[in-house]
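Let's take a friendly walk through a protein model together. Keep the sequence and the 3D view at hand as you read.

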Amino acid sequence: MKNFIYVLTFFLIISVPAQKDNQPIYAQVSGKGKPILLLPGFTVPGDSWLPIIKELEANYECHAITLAGFGRKKAIDFPWLPKVNEALENYISKNNLKSITVIGHSLGGTIAAWLASREKNNIEKIILVDALPATGALMIPNYNPDYLVYESPFNKQQLNMSTKDFENLANSMSKGMSLNKDAQNNIKKWMLQADRKTYVYGYTDYLKFDIRENLKNIKIPVTLLAAEKPYGKDMVKQTYDNQYKNLANYDFVIAENSAHFIMFDQPEWFLKQIKKSLALK
């Protein structure tokens with residue numbers, strides 16, 4: 001597991017559905033066994049899951065998803081996130097996936113919980129990695145998703161930001177999301193690769209996405225992995241208790257000495273938690 005993040009190996013692609021241009025999602029599939037759907041965070045490509053996939057593909061069929069506009073994939077029309085969500089439901093149905101485990105990081109975790117809350121889904125369990133059901137409610141005082149619109153002064157400023165200024169922004173943000181310097185470089189790279197309009201308007205979609213009421217519909221096992229940094233255990237637990245109060249049952253574990261990208265900051269601990277959750281009945 002040493003040099004976990006540096007693993008450079010080829011993806012053994014068994015099938016590549018949903019690969020036409022301008023699709024909401026793109027999938028890379030490897031391995032054989034019960035299906036695992038791996039959903040990345042905002043701006044992050046699906047192959048960021050490669051190190052964990054290499055550990056799981058001997059026993060699981062791993063579906064790594066990249067969202068439109070990220071990982072050099074072409075952008076789609078807006079609203080972006082509703083199309084992504086619909087495409088994921090269609091992907092599960094079209095590929096006849098059963099007894100699925102969904103592992104989602106950040107936005108990917110929020111989407112995973114949303115999928116698990118839907119009627120007649122085929123999801124067996126979900127593992128959410130530093131993900132909240134309403135990130136906007138945490139960030140915005142007097143949060144009301146209806147007030148969030150694409151055409152705002154903040155979004156205009158983000159769209160018009162120079163390449164150099166955006167690179168400086170990405171550099172600064174990446175240092176807050178991981179303690180691992182190589183991971184910080186990758187996070188910055190992924191942000192710079194992102195289609196700028198998807199980055200700006202897609203983030204508005206993300207902040208509008210509030211599934212706290214949907215949590216009441218989730219009846220399957222849920223594991224929540226939360227990063228200790230930068231807020232500390234007490235604040236993290238308080239935030240999760242508040243955001244997930246509509247979820248009846250879940251296992252909650254805090255990753256010590258880790259920022260938002262737990263899989264890069266504590267790779268061995270992360271893999272251990274994933275395998276433990278996968279073994280749960």
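The sections below go from the inside of this predicted model to its pocket and then to some backbone details.

## The nonpolar core

In soluble globular proteins, nonpolar side chains tend to be buried together. Here, the largest nonpolar core has 82 residues. Within this core, W80 and I126 are the residues with the most contacts.

Leaving out residues up to four places away in sequence, W80 touches F42, L67, A68, F70, L107, Y150, T198, G202 and D205.

## A170, a buried alanine

Next, find A170 in helix α6, which covers residues 163-177. Is A170 buried or exposed? Its relative accessible area is 0%, so A170 is buried, the cut-off for that word being under 20%.

Which residues is A170 in contact with, once neighbours within four places in sequence are set aside? They are K188, M191 and L192. For a sense of distance, look across to K83: this residue is 87 residues from A170 along the chain, and the two C-alpha atoms are separated by 26 Å.

## The largest pocket

Now for the empty space. Rolling a probe the size of a water molecule over the atoms shows where empty space is left. The largest pocket holds about 1,200 Å³ of space. It is lined by 43 residues, and those closest to its centre are T135, M139, Y203, Y206 and H260. Several elements give two or more residues to this lining: α4 (135-139), α5 (153-160), α6, α7 (181-193), α8 (196-208), β6 (222-227) and α9 (233-243).

Which helix supplies the largest share of the lining? That is α8, with 6 residues. Sorted by class, the lining of the largest pocket has 29 nonpolar, 12 polar and 2 charged residues.

Let's move on to Q243, which sits in helix α9. Q243 counts as buried because its relative accessibility is 4%, and the cut-off is under 20%.

What does the side chain of Q243 have close to it? One of its polar atoms lies 3.0 Å from the backbone oxygen of A134. Setting aside neighbours within four places in sequence, Q243 is in contact with L132, P133, A134, T135, A137, L138, R212 and L215.

Finally, look at the backbone. Most residues other than glycine have a negative phi, and most peptide bonds are trans. Where can you find cis peptide bonds in this model? One runs from F78 to P79, with omega near 5 degrees, and another joins K229 and P230, where omega is about 5 degrees. P79 lies in the loop between β3 (60-67) and α2 (80-94), while P230 is found in the loop between β6 and α9.

Positive phi values turn up too. N96 has a phi near 50 degrees and is found in the loop between α2 and β4 (100-105). The phi of N257 is also near 50 degrees, and N257 belongs to the loop between β7 (251-255) and α10 (262-265). N257, at 43%, is partly exposed.

Terms used
Residues numbered from 1 in each chain as written. Predicted model: local features only at pLDDT ≥ 70, side-chain atom pairs only at ≥ 80, totals over all residues. Heavy atoms only, no water. Helix = DSSP H or I, 4+ residues; strand = E, 2+ residues; numbered from the N terminus. Buried < 20%, exposed > 50% of the residue type's maximum accessible area, 1.4 Å probe, protein only. Contact = heavy atoms within 4.5 Å. Core = buried A, V, L, I, M, F, W, Y, C linked by side-chain atoms within 4.5 Å. 1 Å grid on protein atoms, 1.4 Å probe; cavity = no way out; pocket = protein on both sides within 12 Å on 5 of 7 lines; lining within 4 Å. Points joined across faces, edges and corners; volume = space filled by probe spheres on them. Nonpolar A, V, L, I, M, F, W, Y, C, P; charged D, E, K, R; others polar. Polar contact = N/O pair within 3.5 Å; in protein donor to acceptor, adjacent residues only side chain to side chain.
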